[in-house]
Amino acid sequence: SSGINAEYGGGNPQNESCWPAIARGAAALILVANSDIPDTESQFLEMLYLRFAAQHSLKESQCAVFLNQIDANSEKVGKVPAMLTKVPHEMISMENGSNVHAAFCRVVSAALNAQSEEWRKGENQILSVQ
C-alpha cells in the first residue's frame with residue numbers, strides 16, 4: 001500500500017523558517033496563484049520555485065502552477081512568470097472545483113513517475129556496482 005503525504009507550505013514569508021522541513025523529501029511542488037498575478041506575486045512565485053524545486057532537484061514535470069480564475073466568465077488567461085513557463089501550468093477554478101481534482105491528479109502522477117524512475121536508476125546503479 002502506498003500513500004501520498006501532502007504538506008501545505010503556505011506562501012507566507014512568516015513561515016519561511018519551516019520551508020526547509022516542508023521541502024525535505026518532496027516529490028512534487030504545486031504553486032497556486034490568482035490568474036491576475038501582479039508583478040510582486042510573480043516574483044514571489046519565482047522565489048518559491050527556486051527555494052522548493054530548484055534547491056531540491058525537482059524536475060519541471062514534478063511541478064505545476066495552478067492559476068485560479070476568480071471570475072469564471074472572464075476571458076482573461078493567466079500568465080505565468082517567465083521563469084516558470086516550462087513548468088506545467090493550468091487554469092483552475094477553486095470556486096466550482098471542476099478541474100482542480102484532475103489537475104492535481106496529473107501533477108501527482110507525474111511526480112510519482114519521476115520518483116519511480118529515480119528509484120529504478122538508483123537500484124540499477126547498485127546492481128551494476130556489485
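Me: How many helices and strands are there in the protein?
Reply: The protein has 3 helices and 3 strands. Please keep in mind that this is a predicted model.

Me: In what order do the elements run from the N terminus on?
Reply: The order is α-β-α-β-β-α.

Me: And what order do the strands take in the sheet?
Reply: The 3 strands form an open sheet with the order 1-2-3, and their pairing is parallel. Strand 1 (29-34) and strand 3 (89-92) are the edge strands, each of which pairs on one side only. From one strand to the next, the twist averages 25 degrees.

Me: How many bridges join strand 1 to strand 2?
Reply: Strand 1 is joined to strand 2 (residues 63-68) by 6 bridges, and the two run parallel.

Me: Which residues stand opposite each other there?
Reply: Val32 stands opposite Phe66 of strand 2. Two further examples are Ile30, which is placed opposite Ala64, and Asn34, which is placed opposite Asn68.

Me: Where do the side chains of strand 1 point?
Reply: They alternate along the strand.

Me: What about strand 2: are its faces covered or uncovered?
Reply: Both faces of strand 2 are covered. Cys63, Val65 and Leu67 are buried on one side, and Ala64, Phe66 and Asn68 are buried on the other. Since 6 of the 6 residues of strand 2 are buried, it is largely enclosed by the rest of the structure.

Me: How much of the protein is buried overall?
Reply: Of the 130 residues in the protein, 29% are buried.

Me: Changing topic, where does helix 2 lie?
Reply: Helix 2 (residues 39-52) lies across strand 1 and strand 2. The helix runs at about 175 degrees to strand 1.

Me: Glu46 is in that helix. Is it buried or exposed?
Reply: Glu46 is buried, because its relative accessible area is 18% and the cut-off for buried is under 20%. Leaving aside neighbours within four places in sequence, Glu46 is in contact with Pro81, Ala82 and Met83.

Me: Next, where is Gln62?
Reply: Gln62 lies in the loop between helix 2 and strand 2. This residue is buried, with a relative accessible area of 8%.

Me: Which residues is Gln62 in contact with?
Reply: Setting aside neighbours within four places in sequence, Gln62 is in contact with Ala27, Ala28, Leu29, Ser57, Val107, Ala111 and Ala114.

Me: Which residues line the second largest pocket?
Reply: Gln62 is one of them.

Me: Which element gives the largest share of the lining?
Reply: Helix 3 (residues 100-129) does, with 3 residues in the lining of the second largest pocket.

Me: Last one: what share of the contacts with a separation of 6 or more is between residues 24 or more positions apart?
Reply: Such residues account for 66% of those contacts in the protein.

Technical notes
Residues are numbered from 1 along each chain as its sequence is written. This is a predicted model: local features need pLDDT of at least 70, side-chain atom pairs count only at pLDDT 80 or more; totals for chains, interfaces and linings use all residues. Side-chain values use heavy atoms; hydrogens and water are left out. Two strands pair if DSSP finds at least two bridges between them. Helices (H or I, at least four residues) and strands (E, at least two) are DSSP runs, numbered from the N terminus. Axes are lines fitted to C-alpha atoms, for helices over the stretch in contact, and angles run from 0 to 180 degrees between N-to-C directions. Contact means heavy atoms within 4.5 Å. On a 1 Å grid over the protein atoms alone, a cavity is a set of points where a 1.4 Å probe fits but cannot get out, and a pocket is an open set with protein on both sides within 12 Å along at least five of seven lines; lining residues have an atom within 4 Å of a point. Buried means under 20% relative accessible area, exposed over 50%, partly exposed in between (1.4 Å probe, protein chains only).
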